[in-house]
Amino acid sequence: MPVAQASTSVYLVMTLQDLWSYGPTKAGAFNATFAIAWSTCAILIANIQSPTRRAFMIRLGPALLVAGLSVIVVGFSLDVPLVVMLGQMSIGTGFGVSWGFLSQNVMEAARSGERDRASALLPTLQSAGYAIGAAVAGLVANASGYPEAATPDALRDATIMIFSVSAIIGLGAMIAGFALPLRRKNLLATEMHKPL
């Protein structure tokens with residue numbers, strides 16, 4: 001997920017300033033909707049205990065990421081900032097509903113002696129994902145003429161290309177989320193012990 005989302009971290013604020021003449025504060029506040037959506041959703045779903053619902057949330061997150069990136073593409077195509085903001089909020093929601101449960105699953109899947117290592121590795125993997133995503137977004141930006149864009153239309157076209165490629169990358173995370181096997185043994189045991 002961080003690989004696909006990195007393009008918004010790198011290019012969204014700059015594009016808002018160059019394309020729609022937003023000031024730094026307004027562009028930064030616009031970009032912060034991602035973090036607000038992430039935090040709000042993470043708080044709202046933090047008490048989910050059911051393994052089935054957690055698995056659903058892990059799968060829902062990448063789907064919301066892809067939807068959000070696609071909405072951003074539509075927003076820039078239509079030249080409507082509110083649509084771009086809705087896409088940004090969808091991406092934040094995707095991280096908010098899935099990242100905590102995904103991290104928890106990784107730690108629970110690790111052997112007892114390796115849980116500390118697994119826990120420490122999660123932020124490293126997230127940072128690596130952002131770095132790789134930023135590099136890919138930079139390659140796409142250069143290939144699509146983002147740095148040389150001299151007109152609003154050229155900048156918009158390059159921006160649409162950046163976020164379209166990010167949405168395609170996000171499809172990989174979505175497919176991986178649906179490919180995750182449910183641990184049937186633990187799931188059945190939990191479901192059997194549920195009060196009626």
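Buried means under 20% relative accessible area, exposed over 50%, and partly exposed in between (1.4 Å probe, protein chains only). By this cut-off, buried residues make up 39% of the 196 residues in the protein chain. The model is predicted: local features need pLDDT of at least 70, side-chain atom pairs count only at pLDDT 80 or more, and totals for chains, interfaces and linings use all residues. Residues are numbered from 1 along each chain as its sequence is written, and side-chain values use heavy atoms, with hydrogens and water left out.

**Figure 1. The protein chain has eight helices and zero strands.** Helices (H or I, at least four residues) and strands (E, at least two) are DSSP runs, numbered from the N terminus. The C-alpha trace spans about 65 × 35 × 25 Å along its principal axes. Of the contacts (heavy atoms within 4.5 Å) between residues at least 6 apart in sequence, 75% join residues at least 24 apart.

**Figure 2. Helix α1 covers residues 2-20.** Its 19 residues reach 26 Å from the first C-alpha to the last, close to the 27 Å expected; the expected span is 1.5 Å times one less than the number of residues. At Tyr11, α1 bends by about 45°, the bend being the angle between axes fitted to the seven residues ending there and the seven starting there.

**Figure 3. Buried residues of α1 pack against α2 (24-31), α3 (33-45), α4 (51-78), α5 (81-109), α6 (115-143) and α7 (152-179).** Among the buried residues of α1 are Thr8, Tyr11, Leu12, Thr15, Leu16 and Leu19. An α-helix has 3.6 residues a turn, so residues three or four places apart point the same way.

**Figure 4. Gln88 is found in helix α5.** Gln88 counts as buried because its relative accessibility is 1%. Leaving aside neighbours within four places in sequence, Gln88 is in contact with Thr8, Leu12, Phe30, Asn31, Thr33, Phe34 and Ile72. Thr8 and Leu12 also belong to the buried residues of α1.

Figure 5. Ser21 is found in the loop between α1 and α2. With a relative accessible area of 64%, Ser21 is exposed.

**Figure 6. Asp79 has a phi near 65°, a positive value in a residue other than glycine.** Asp79 lies in the loop between α4 and α5. Asp79 counts as partly exposed because its relative accessible area is 36%.
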